[in-house]
Amino acid sequence: AEYAADDILSTMSDSVILINLDGIIVEINNAALNLLGYTRDEVIEKPVGFLFQEEELLFKNVQWKELLSRGFIKDYQTFYRPKHGVNIPVIISCSTVKNKEGDFEGIVGVARDMRKILRLQSKLIQSEKIAGIGQLVAGIAHEINNPISVILGFSQSIMKRLTNDSPLFTPLESIEREAVRCKNLVSDLLTFSRNEKVRTDSIEIIRTINEILTLIETQ
């Protein structure tokens with residue numbers, strides 16, 4: 001039975017740490033050692049607090065009382081403090097260990113590395129933001145395009161009645177150019193926000209780069 005337990009500990013992907021009631025590490029599995037960058041000799045019989053960012057708060061106050069009264073705590077968010085590098089976000093669950101007489105002998109904690117999950121959550125939040133932008137752009141596109149179309153239509157109509165040397169021609173030409181630019185920008189935003197199938201096409205690369213820069217220059 002002892003061999004089976006050791007074998008289970010050594011193959012678990014989550015880190016497992018067993019401490020006594022004085023907070024001293026008495027057992028640790030390979031996943032925890034690999035994650036933290038320590039050897040077994042560097043952690044066994046050491047205070048467990050040095051492995052965590054909030055050393056002075058670990059298993060104290062509310063968490064400690066809850067653990068002793070209920071026998072476990074679940075999903076406690078904290079940070080591992082590895083031997084090298086930045087702190088590692090983990091979510092840890094702990095339970096008390098009792099002997100045959102029912103007396104407390106120690107605490108076992110199982111911690112999961114949350115870095116990958118947090119990255120996925122960040123990407124999901126970003127995707128939701130992009131989707132929100134897409135809905136916003138789609139909702140106001142017609143409201144923007146309508147006045148732009150009026151401005152563009154009247155400016156082009158007036159320009160047709162003027163000669164190139166008219167003092168009004170250049171200002172109207174600028175109005176037309178900027179109105180077209182606004183229409184193209186709205187169109188680009190709509191294209192960016194849509195979830196469309198990928199297709200290939202021939203493009204003018206310099207013009208495309210300029211359009212991309214126009215989209216991101218305000219950021």
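**Sheet, core and a buried serine**

N20 stands opposite G106 of strand β5. The model is predicted. β1 (15-20) and β5 pair in the antiparallel sense, over six bridges. Both strands belong to an open sheet of five, ordered β2-β1-β5-β4-β3 with antiparallel pairing. β2 and β3 form its edges, and each pairs on one side only. On average, neighbouring strands of the sheet are turned by 25 degrees against each other, direction ignored.

The largest nonpolar core holds 23 residues. Within this core, I17, I25, I28, V43, L51 and Y80 touch the most other members. Two or more core residues come from each of β1 (15-20), β2 (25-28), α2 (30-36), β3 (72-80), β4 (88-98) and β5 (104-113). The top contributor is β4, with four residues. In soluble globular proteins, nonpolar side chains tend to be buried together.

The contacts of I17 were examined beyond its neighbours within four places in sequence. I17 is in contact with I25, E27, I28, A32, V48, L51, Y80, I107, V108 and G109. Among these partners, I25, I28, L51 and Y80 are also listed with I17 among the core residues that touch the most other members.

A further site lies in helix α5 (residues 115-159), which contains S155. S155 counts as buried because its relative accessibility is 2%, against a cut-off of under 20%. A polar atom of the S155 side chain lies 2.9 Å from the backbone oxygen of L152. Residues up to four places away in sequence aside, S155 touches L172, I175 and E176.

Key: Residues are numbered from 1 along each chain as its sequence is written. This is a predicted model: local features need pLDDT of at least 70, side-chain atom pairs count only at pLDDT 80 or more; totals for chains, interfaces and linings use all residues. Side-chain values use heavy atoms; hydrogens and water are left out. A nonpolar core is a set of buried Ala, Val, Leu, Ile, Met, Phe, Trp, Tyr and Cys residues joined through side-chain atoms within 4.5 Å. Buried means under 20% relative accessible area, exposed over 50%, partly exposed in between (1.4 Å probe, protein chains only). Contact means heavy atoms within 4.5 Å. A polar contact is a pair of N or O atoms within 3.5 Å; within protein, one must be able to donate a hydrogen and the other to accept it, and residues adjacent in sequence count only if both atoms are side-chain atoms. Two strands pair if DSSP finds at least two bridges between them. Axes are lines fitted to C-alpha atoms, for helices over the stretch in contact, and angles run from 0 to 180 degrees between N-to-C directions.
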